[in-house]
Amino acid sequence: MLAGTYKGTTGVRQENAKKWLTQRLPQITAPAHPTALDIGCADGTHSRVLSALGYAVTGVDFSAPMIAAARELSDDPTVPNKPRWLHGEFLAGRYVDDRGTEAPLDGERFDLVLATAFVHLFPPEADDDAVRKVLRHVTPGGTALISTTADAADRQGLEIKAGADGRTAHRWRNHYTVESFMWLVREAARDVYGVKVPVRPWVVVDPDADGKLWIDVVVDRPA
Ligand SMILES: C[S@@+](CC[C@H](N)C(=O)[O-])C[C@H]1O[C@@H](n2cnc3c(N)ncnc32)[C@H](O)[C@@H]1O
């Protein structure tokens with residue numbers, strides 16, 4: 001995703017993100033689940049919503065411009081409880097913090113883990129590794145929310161993504177059917193947690209893109 005795509009829409013996206021998150025996870029407004037990890041946080045829209053709800057949030061992204069934007073947008077003295085922004089690649093699990101200090105996350109668990117519009121960026125097999133790693137970061141009794149777009153048929157390959165600033169970039173993209181994405185998450189959850197876990201899907205029409213469907217999957221890790 002290009003950082004330029006996000007500029008100028010921060011306020012609207014943050015409002016929408018709050019509605020979307022509280023609809024999917026009504027329990028997040030209660031302070032019973034205090035830590036959150038936002039994987040592929042981009043400019044930190046979801047992270048800031050969670051911070052405002054009282055979570056201690058860690059946002060990670062491998063795009064330097066995105067992490068810079070996330071830092072800039074939370075660099076407001078009136079914003080309490082700022083997220084911790086980590087720059088690095090998720091599967092490798094190696095990050096640096098604001099000061100350039102190494103901050104590995106392996107073994108760290110969070111009450112809420114978001115991976116929205118994220119696992120579809122990994123090639124086949126690696127998407128499986130990515131989902132497992134997402135689920136490993138959830139503390140027992142905690143929750144993961146994993147989302148992608150839903151398509152009529154599975155397909156994948158390199159695609160060109162255009163930013164609002166007119167620049168383009170190539171990226172890998174998996175397109176899943178509702179069934180194949182559910183299967184991916186369900187199998188990963190069973191492997192990681194050692195038991196069959198209910199996986200709750202929501203399939204919704206994107207209000208901003210004609211005909212585009214999103215699938216949001218909620219997984220509760222057994223306590
Ligand atoms: C499509 S954006 C989604 C942003 C946000 N989660 C949302 O739902 O709006 C995907 C983000 O994941 C980041 N990303 C992609 N692959 C990554 C990886 N392997 N490690 C860390 N970040 C990655 C990109 O830089 C980008 O900011």
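Reader: What makes β3 and strand β4 (residues 94-96) a pair, and in which sense do they run?

Author: In this predicted model, 3 bridges join β3 to β4, and the two strands run antiparallel. Pairing requires at least two bridges found by DSSP, so β3 and β4 qualify. Within this pair, Gly88 stands opposite Tyr95 in β4.

Reader: How many residues lie between β3 and β4 in their hairpin?

Author: There are 4 residues between them, and Gly93 in the turn has a positive phi of about 70°.

Reader: Why are strand β2 (residues 56-61) and strand β3 (residues 84-89) said to pair?

Author: They share 4 bridges in the parallel sense. The requirement is at least two bridges, and therefore β2 and β3 count as paired. Gly59 stands opposite Trp85 in β3. From β2 the chain passes through helix α4 (residues 64-73) to β3, a β-α-β crossover that is right-handed.

Reader: Why is this crossover called right-handed?

Author: With the strands pointing away from the viewer, the path from the first strand over the helix to the second must run clockwise. The crossover from β2 through α4 to β3 is right-handed, so its path runs clockwise in that view.

Reader: Which residues come nearest to the ligand?

Author: Of the 15 residues around the ligand, Gly40, Ala42, Phe62, Ser63 and Thr116 come nearest. The shell comprises 10 nonpolar, 3 polar and 2 charged residues.

Reader: What does UniProt place at residues 37-146?

Author: An unreviewed UniProt entry places the feature "domain: Methyltransferase type" there. Over residues 37-146 the chain is 26% helix and 31% strand, with the end C-alpha atoms 12 Å apart.

Definitions and conventions: Residues numbered from 1 in each chain as written. Predicted model: local features only at pLDDT ≥ 70, side-chain atom pairs only at ≥ 80, totals over all residues. UniProt positions renumbered as here; feature names shortened; annotations may be inferred. Near = placed C-beta within 6 Å. Nonpolar A, V, L, I, M, F, W, Y, C, P; charged D, E, K, R; others polar.
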